[in-house]
Amino acid sequence: MAQQQAAKEAIPLMTPFRMGQFELAHRVVLAPMARFRSYGNVPQPHAAVYYSQRATRGGLLIAEATGVSATAQGYPHTPGIWTPEQVEAWRPVVDAVHRKGALFFCQILHVGRVSTTGNNPDGQAPISSTDKPISPNAEPGKVYSKPRRLRAEEIPGIVDDFRRAARNAITAGFDGVEIHGAHGYLLEQFMKDGTNDRTDGYGGGLENRCRFAVEVVGAVVGEVGAGRVGMRLSPFTEFMECADSDPVALGSYMVRQLNKHEGFLYCHMVEPRLSYNGMFAADDRRRVPHGLLPFRKIFHGTFIAAGAYNLEEGNEVVASGYTDLVAYGRLFLANPDLPRRFELGAPLNKYDRSTFYTQDPVIGYTDYPFLEDDHDEPPVHA
């Protein structure tokens, strides 16, 4: 037993870590990933299977992006957390994860202009910082509707949607929430100068562009407490034509705003190398060694790095102190027992891209095999 423990501790990713009030047994985090299996925007029973398969005692799971309101949806069958029905549907999913001894955070978002009139109540236009539409070239085969620029007096209502969603997440049993401020969605549409062309108090200079996101953070922290809140940021990425001319200044400013909330739990940041062309993928042409280090040095809480990491890279960045935790997406999707495989140095299942965003409740979702010697949680085929 002592030899096994020593071997485990020799793997940086498998060492314990204290994240605020929470004790983690290892550093491998399930990244938030859209799975498109919440029919009618309501979490389904098969989600309990999916997430509990990937839960380990002392592990951290971040749920797929979850809409804060009826105007927040941009894709089919993505979950929400703005209605009592959705809150109740999340409860058994959260309970299944907690029975395995894992922590579960709900990522809350508004997609903004990454949507269509068909996804909005009464065929309304999507809302954004701008009225500039996403071009047809942004995502192959996808056409987004022309957005409507939010009026300044409407913004407090959207801030309140995030606040209520955070409260609903805690009511559903989640341990905390992650504010989605990345990947070209609404908060980032305001933050980045490539999409924010406003001339009011929410546009222009860096402070004004970040004002909306800062207000959301303040409202969520005020509702559930800083120790239960994290935020995901992607200052370098250009998803959905959402780019900034000075990503280091943007990321640094936002991290400093998070620091203003004593005990703010974590900052989850995306490496520069992660690019998007219909699918998220690593792009070595965009590789920036230690690209997140400026933000890591500034932030006071737990730091999570994401961006196509493998086992070796994950161990390296944890051992060097570049990050505290590493979020894994595709590898965790295809390997429900990923921490165990990392611990044992076992081979990994290959992921199937063609089933990432389908609606099947089993195929490409709960049918990826576990290690043959792991008898505690067999694959689910029903």
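Predicted model: local features only at pLDDT ≥ 70, side-chain atom pairs only at ≥ 80, totals over all residues.
Figure 1. R296 lies in helix 8 (residues 293-298), while D324 sits in the loop between helix 9 (311-319) and strand 15 (325-328), so the pair ties together parts that are 28 residues apart in sequence. R296 is buried as well, its relative accessible area being 19%.

**Figure 2. Helix 6 and its kink at F212.** Helix 6 covers residues 206-224, and its 19 residues reach 27 Å from the first C-alpha to the last. Look for the bend of about 40° centred on F212. F212 is one of the buried residues of this helix, which also include R209, A213 and V217. Among the elements covering the buried residues of helix 6 are helix 4 (155-172), strand 9 (176-181) and helix 7 (247-259). Just past the end of helix 6, G225 adopts a positive phi of about 95°.

**Figure 3. R209 of helix 6 reaches D244.** Here the two side chains form a salt bridge, 3.2 Å from N to O. The pair links distant parts of the chain, with D244 in the loop between strand 10 and helix 7, 35 residues from R209. Both R209 and D244 are buried.

Figure 4. D161 is buried at 11% relative accessibility, whereas R164 is partly exposed at 38%. Both residues belong to a network of salt bridges that also links D160, R163, R167 and E223.

Technical notes: Residues numbered from 1 in each chain as written. Heavy atoms only, no water. Helix = DSSP H or I, 4+ residues; strand = E, 2+ residues; numbered from the N terminus. Expected span 1.5 Å × (residues − 1). Bend = angle between axes of the 7 residues up to and from the residue. Buried < 20%, exposed > 50% of the residue type's maximum accessible area, 1.4 Å probe, protein only. Contact = heavy atoms within 4.5 Å. Salt bridge = Lys/Arg side-chain N within 4 Å of Asp/Glu carboxyl O.
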